[in-house]
Amino acid sequence: MSASDKPSRRLRLCFIGWGAIASRVGELLAERQPAGVAIVAVAVRDAGQVRANLPAGAQLISSPEELAGLDIDMVIEAAGRPAVATWGEAALRHARSFAVSSASAFTDESMLGLLLSVAEEAGSRILVPSGALGDLGALAAASVLPLDQVRHSIVKPPRAWRGTKAAELVDLDTLTERTEFFAGSAREAAASFPQNANVAVITALSGIGLDRTRVVLVADPHVSRNVHEISASGAFGKLDLRLENEALKTNPKSSEMTALSLVRLIESSVATLVR
């Protein structure tokens with residue numbers, strides 16, 4: 001078989017939502033132009049509303065039933081936790097994979113069980129991007145052997161916690177020092193702070209689960225970036241990881257790394273060499 005006869009890799013994408021994260025991913029893909037990748041559909045609440053920066057040629061859809069017949073390879077959810085329940089089953093039936101950015105949805109065990117069952121039946125896969133954490137391959141590898149503990153501290157400037165339950169626990173406008181306002185399990189953190197602590201579920205799924213992973217939430221007026229501090233210990237040894245992520249310009253609750261991790265997931269799906 002000659003090089004010209006070999007089948008080329010392709011990845012036809014549908015995004016659920018076109019907010020700050022999805023539009024940033026679209027911008028980066030347009031710049032990088034990975035071979036074989038095309039955004040063919042974008043799911044929004046109102047397909048009749050005009051939106052800026054939509055990918056050229058992408059079809060706007062507004063109901064899960066419209067995924068049928070679009071020949072989608074990967075559906076990427078970037079619309080918030082409720083969208084996982086709304087679109088998940090159809091995505092798994094009409095695409096080879098469903099990438100879930102709002103991992104906090106998986107604190108609902110019955111919904112996760114349903115989606116796993118549908119994926120098994122349809123022969124599709126559920127993907128959990130590493131999001132703001134960049135890559136937790138080391139923690140996932142460490143979990144092959146018993147882990148003793150995993151702790152994840154999420155430290156953000158006060159403005160990033162506005163509009164959440166944090167405002168009921170501390171006065172975000174007058175803080176002068178680093179203030180811890182929540183400590184609990186990853187399940188509790190993601191349920192109470194689904195936008196800001198969504199990433200804790202990724203740590204939990206990579207390590208020792210939602211109920212054993214300890215999460216601490218912090219507002220710090222002295223930081224300008226969104227900071228993640230992860231530590232783990234077990235039979236593998238000891239791990240300490242710290243990331244300082246720039247916030248998305250259009251949404252301080254999310255990190256630029258969240259969009260970058262989706263770009264990496266997409267490009268790795270068509271790459272010849274996967275790192």
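Keep in mind that the model is predicted. Now try the exercises below.

**Exercise 1.** Find where A259 lies and which residues A259 touches.

*Solution.* Start with the location: A259 lies in helix α8, residues 256-270. Next, leave out residues up to four places away in sequence; A259 then touches I21, R24 and V25.

**Exercise 2.** Decide whether F236 is buried, partly exposed or exposed.

*Solution.* First recall the cut-offs: buried is under 20% relative accessible area and exposed is over 50%, with partly exposed in between. F236 has 32% relative accessibility, so F236 counts as partly exposed. Then place F236 in the chain: this residue is in the loop between β10 (226-234) and β11 (237-245).

**Exercise 3.** Describe the largest nonpolar core and the contacts of F181.

*Solution.* Begin with the core, which has 59 residues; V75, W161, F181 and L217 touch the most other members. Helix α2 (residues 81-94) gives the largest share of this core, six residues. Another core, of 24 residues, lies apart from it and includes L13, F15, V25 and A78. Now turn to F181: setting aside neighbours within four places in sequence, F181 is in contact with W161, A166, L169, V170, F193, L217, V218 and A219.

Technical notes:
Residues are numbered from 1 along each chain as its sequence is written. This is a predicted model: local features need pLDDT of at least 70, side-chain atom pairs count only at pLDDT 80 or more; totals for chains, interfaces and linings use all residues. Side-chain values use heavy atoms; hydrogens and water are left out. A nonpolar core is a set of buried Ala, Val, Leu, Ile, Met, Phe, Trp, Tyr and Cys residues joined through side-chain atoms within 4.5 Å. Buried means under 20% relative accessible area, exposed over 50%, partly exposed in between (1.4 Å probe, protein chains only). Helices (H or I, at least four residues) and strands (E, at least two) are DSSP runs, numbered from the N terminus. Contact means heavy atoms within 4.5 Å.
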